[in-house]
There are 2 protein chains.
Amino acid sequence: MNTTNRQILLASRPQGMPTEANFKLVEAIIPQPRAGEVLVRTLYLSVDPYMRGRMNDAKSYILPFAVGEVLQGGAVGQVVQSDHPGFSKGDIVSGMLGWQDYSLAKGDELHMAPTGAPVSTALGVLGMPGLTAYFGLLDIGRPQPGETVVVSGAAGAVGTIVGQIAKLKGCRVVGIAGSDEKNEYLRRELGFDAAINYKTAGNLRQALAEACPDGIDVYFDNVGGDITDAVIARINNHARIVLCGQIALYNLEQPDTGPRNFPQLLIHSATMTGFIVANYAPRFRAGLSELTAWLEEGKLKYREHVVTGLEHAPQAFLGLFRGENIGKQLVRVGAAE
Amino acid sequence: MNTTNRQILLASRPQGMPTEANFKLVEAIIPQPRAGEVLVRTLYLSVDPYMRGRMNDAKSYILPFAVGEVLQGGAVGQVVQSDHPGFSKGDIVSGMLGWQDYSLAKGDELHMAPTGAPVSTALGVLGMPGLTAYFGLLDIGRPQPGETVVVSGAAGAVGTIVGQIAKLKGCRVVGIAGSDEKNEYLRRELGFDAAINYKTAGNLRQALAEACPDGIDVYFDNVGGDITDAVIARINNHARIVLCGQIALYNLEQPDTGPRNFPQLLIHSATMTGFIVANYAPRFRAGLSELTAWLEEGKLKYREHVVTGLEHAPQAFLGLFRGENIGKQLVRVGAAE
């Protein structure tokens, strides 16, 4: 066991696109667990687009990060020392941990990591992204067999699962992603019916018209902005739009404007719903059970994009906005013992 | 009985705001009903904002009007001659009729007008606007006691009913309308808790903050545009937005742009749903039954803004966009015999 605890702090709030200067690596001492607490050594950190919102000092569904404090996110770790009856030294756990080698966590806020799959899946297909895809698509999107489902950010941790679940439900699935390599993966390995490279498609509306000859019934939106405008122009009556992410807007220095497309929702009796996975916490167990079964049956595939070293966590996070990852972006911080 | 049938045609498609030049008054002969048809003499015509959409040659939930043909809308009339077993001479009926003195209608598409209230209510509180308010608010808005409901276009045929139903459900009700006279009516006669004159309020967001100290749970939107942007900036978690009309956008010559406010929906887990009353046709009878009961019990009030003379129908329609009406805008074409 090391004697120092490397930590990554939010050094300053980003203006627009974050840079490495917004982060700072420091060393601290390893803390001791108090009653009910568990000391956890980080194995994997999750970096996710929603974290960009927490870097702003703005009211949202989750508190902002504080400047000068350790960043925090979903993580998998191994218990070093426990003062909570539910956990023992050596257990592999998941929960919200700091961007640091060692975190103190309240035992009540930790979960045992899945045992039938690699522990990193607790941050992807069997974690927040998988549950986001599952509840967002099934509860809000409500895809019916034969319908057309479009997902933006299709090659990401959420999008890859959304598309596969939509295929399991008998839908035509069209992904929108930012590289031919991603789209080949979506089509060849994940069974998407079509995939559009929004960077090279030219006229995105035309590309969507070709990929969605019967219109669009469900849109799972991870991106927002121009891509979403183009999709909304093609929706069918009674379309369902899952607003899951708006990554195209997260790093804008000025609020963006765009076409007013509410009339398009109106004339199609469409529904758009903001989705926050935490609202589904009472149903996580049921969702995980079905995701796990699909995974074990080979019906769900996943890919991880792993960067090694806590010190590279900022780069891994920044890479999300450059679209570097296919599947789940992870930072490997340590190895299980 | 006259021997000529005055008709108002769509002379040309409006570019932007319609003018009287888009309409033409002509005279035709009075037609004879064929099998299953009924000849109806018009008593009242309804003019409604949605008709503006039908004047464009654009795909929507309802077919466009054809240039050179008689305009059409909700109407109440009296049967002159019937070749349908369900209707006899003298019956007062409602349905979609032409903007003309005499219309042929298929008997299967007519309804008997309500008998316990003035026949004009079949075009207002006991007709399409009343049902729009009823199903839009209750089914999509789902107001709960103590919640705050905001309605735009609050002094119109739909808005006045929305606000009163929301009061019946125990909500705080805030109307947005375009004159002090309208707002005084909303507060004093209809019991709205607050009413904002968007033309004189200055900072609409600030006015909403004062009128909605607990935020906004339900927004019934008849207007769109800047007003809707200001409301969306104040929504609570799990807010429901009923997209019923977007009158602020109907007469724009160029598609408008505005702030991208989907992130606001996202972070509040809000839902926005396009509402088209025709989707609720199987439940109209139940809705009318409750609206009628409220009317008879004095729990619902209504006001009509009546223009007399078929030849003034275009002016009555254009007046909708100038906000001239309080309550339901009607054109009185003839008297029952």
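Modeller: Copies are superposed by least squares on the C-alpha atoms of residues with pLDDT of at least 70 in both. This is a predicted model.

Colleague: What rotation superposes chain B on chain A?

Modeller: Two copies of a chain are related by a rotation about an axis and a shift along it. Here the shift along the axis is 0.0 Å, and the RMSD is 0.0 Å. The copies are thus related as by a two-fold rotation axis. The rotation is 180°.

Colleague: Which element gives the largest share of the side of chain B that touches chain A?

Modeller: In chain B, 26 residues are in contact with 26 residues of chain A. Strand S13 (257-259), helix H7 (262-267) and strand S14 (271-274) of chain B each supply at least two residues of that side. By class, the side has 13 nonpolar, 11 polar and two charged residues. The largest share, five residues, comes from H7(B).

Colleague: Which residue stands opposite A:Thr271 in S14(B)?

Modeller: Strand S14 (residues 271-274) of chain A pairs with S14(B) over three bridges. The sense is antiparallel. Opposite A:Thr271 stands B:Thr273.

Colleague: How many residues of domain 1 of chain A are in contact with domain 2 of chain A?

Modeller: The domain assignment gives chain A domain 1 (4-124 + 303-332) and domain 2 (128-278). Their centres, taken over C-alpha atoms, are 28 Å apart. On the domain 1 side, helix H1 (51-54) and strand S16 (328-332) of chain A each give two or more residues. Domain 2 of chain A brings 18 residues to the contact, and domain 1 of chain A brings 17.

Definitions and conventions:
Residues numbered from 1 in each chain as written. Chains lettered and ligands numbered in written order. Predicted model: local features only at pLDDT ≥ 70, side-chain atom pairs only at ≥ 80, totals over all residues. Contact = placed C-beta atoms within 7 Å. Helix = DSSP H or I, 4+ residues; strand = E, 2+ residues; numbered from the N terminus. Nonpolar A, V, L, I, M, F, W, Y, C, P; charged D, E, K, R; others polar. Pairing = 2+ DSSP bridges. Domains from an automatic or database assignment.
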